[in-house]
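Q: I have a protein to go through today. Could you help me read it step by step?

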Amino acid sequence: MMAKVFDLFLSLVIARAWRRSHLERVQGRVLEAGGGSGLSLPCYPLAGWTELVLVDLDQTMLALAAQRELPGGQPMTVCQGNVEALPFEAGAFDTVVAQFLFCGVKQPVQGLRECRRVLAPGGRLFLLEHVRSDHWFLGLLLDALNVVTSRLFADRFNQRVEPLLAEAGWRVVRREDLFLDVIRLLEAVPQEEEAAKS
Ligand SMILES: C[S@@+](CC[C@H](N)C(=O)[O-])C[C@H]1O[C@@H](n2cnc3c(N)ncnc32)[C@H](O)[C@@H]1O
């Protein structure tokens, strides 16, 4: 019941266009971490990639995801797992996607390190997150909201994601603000790969 309510809430507040804005760039074998009830599944492109593994902590959310289909009919596996300790071998994926996940992960840097570990050389991470605004008023408003959301829903409304990415060994190669500077799309590559290029 709670999973269905949460699924409905997320489908109302998260625009499909936000999800599509980076899913159109996925390649090869894709991991969607914290994929929840699979609301992103209809937003994956028809072609250009091969397989999806969707992982989430919550079994009831995963049961809803398992009922959804990908538009291009690619094979999909749904499995329970913690992004802080992903149950996959190093280099198992060509793309890692996470949408509105790291605002609620207890150890986000550890989760981001795990995303880097399971990514194959040349792979990319795509994050869609709500973050703290740099605008003074909106930033303060989000700080105030965070007092409530972090206690009631374990969701941090004033988290800055770029410093966490840097600490976890990622370099941001593209940033796009989709709604004010609060809903943000980030594309990142491992720092060591960027360093090897220069
Ligand atoms: C706000 S929901 C977003 C779900 C989905 N990504 C979407 O955009 O519709 C956050 C999801 O992250 C999952 N989650 C939270 N902490 C997690 C963790 N440590 N590892 C894996 N999933 C986690 C929750 O169970 C929930 O399904």
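A: A term is needed before anything else: helices are DSSP runs of H or I with at least four residues, numbered from the N terminus. Thr 149 lies in one of these, helix α5. Please keep in mind that this is a predicted model.

Q: Okay, is Thr 149 buried or exposed?

A: Thr 149 is buried, because its relative accessible area is 6% and buried means under 20%.

Q: What does its side chain reach?

A: The side chain of Thr 149 reaches the backbone oxygen of Asp 155, at 2.7 Å.

Q: Which other residues of α5 are buried?

A: Gly 139, Leu 142 and Asn 146 are buried in α5, along with Thr 149.

Q: How far apart are the ends of α5, and what span should it have?

A: Helix α5 covers residues 136-152, which is 17 residues, and at 1.5 Å a residue it should span 24 Å. Its end C-alpha atoms are 25 Å apart, which agrees.

Q: Where does α5 bend?

A: The bend is at Asn 146 and amounts to about 35°. Asn 146 is also one of the buried residues of the helix.

Q: And what comes just after α5?

A: Ala 154 is found there, with a positive phi of about 50°. As background, most residues other than glycine have a negative phi.

Q: You mentioned β6. Which strand holds Arg 174, and how accessible is this residue?

A: Arg 174 lies in strand β6. Its relative accessible area is 23%, so it is partly exposed.

Q: How far is Arg 174 from Val 189?

A: Their C-alpha atoms are separated by 9.8 Å, while the two residues are 15 residues apart along the chain.

Q: New topic: the ligand. How many residues surround it, and which are the closest?

A: The ligand is surrounded by 18 residues, and the closest are Arg 19, Gly 34, Asp 56, Asn 82 and Gln 99.

Q: What polar atoms lie by the ligand?

A: A polar side-chain atom of Arg 19 is 2.8 Å from an oxygen atom of the ligand. For Asn 82, an N or O atom of the side chain is 2.8 Å from a nitrogen atom of the ligand. Val 83 contributes a backbone N or O atom, 2.9 Å from a ligand nitrogen atom.

Q: How much of the ligand does the protein cover?

A: On its own the ligand has 590 Å² of accessible area, and the protein covers 89% of that.

Q: Last one: what about the whole protein? How many helices and strands does it have?

A: The protein has seven helices and seven strands. From the N terminus, they follow the order α-α-β-β-α-β-β-α-β-α-α-β-β-α. Its radius of gyration is 16 Å, close to the 16 Å that the globule rule gives for 198 residues, so the protein is as compact as a globular protein of that length. Along its principal axes, the C-alpha trace spans about 50 × 45 × 30 Å. Of the 198 residues, 48% count as buried.

Technical notes: Residues numbered from 1 in each chain as written. Predicted model: local features only at pLDDT ≥ 70, side-chain atom pairs only at ≥ 80, totals over all residues. Heavy atoms only, no water. Helix = DSSP H or I, 4+ residues; strand = E, 2+ residues; numbered from the N terminus. Expected span 1.5 Å × (residues − 1). Bend = angle between axes of the 7 residues up to and from the residue. Buried < 20%, exposed > 50% of the residue type's maximum accessible area, 1.4 Å probe, protein only. Near = heavy atom within 4 Å. Polar contact = N/O pair within 3.5 Å; in protein donor to acceptor, adjacent residues only side chain to side chain. Areas by Shrake-Rupley, 256 points an atom, 1.4 Å probe, with all protein chains shown as cover. Rg over C-alpha atoms; globule rule 2.2 N^0.38 Å.
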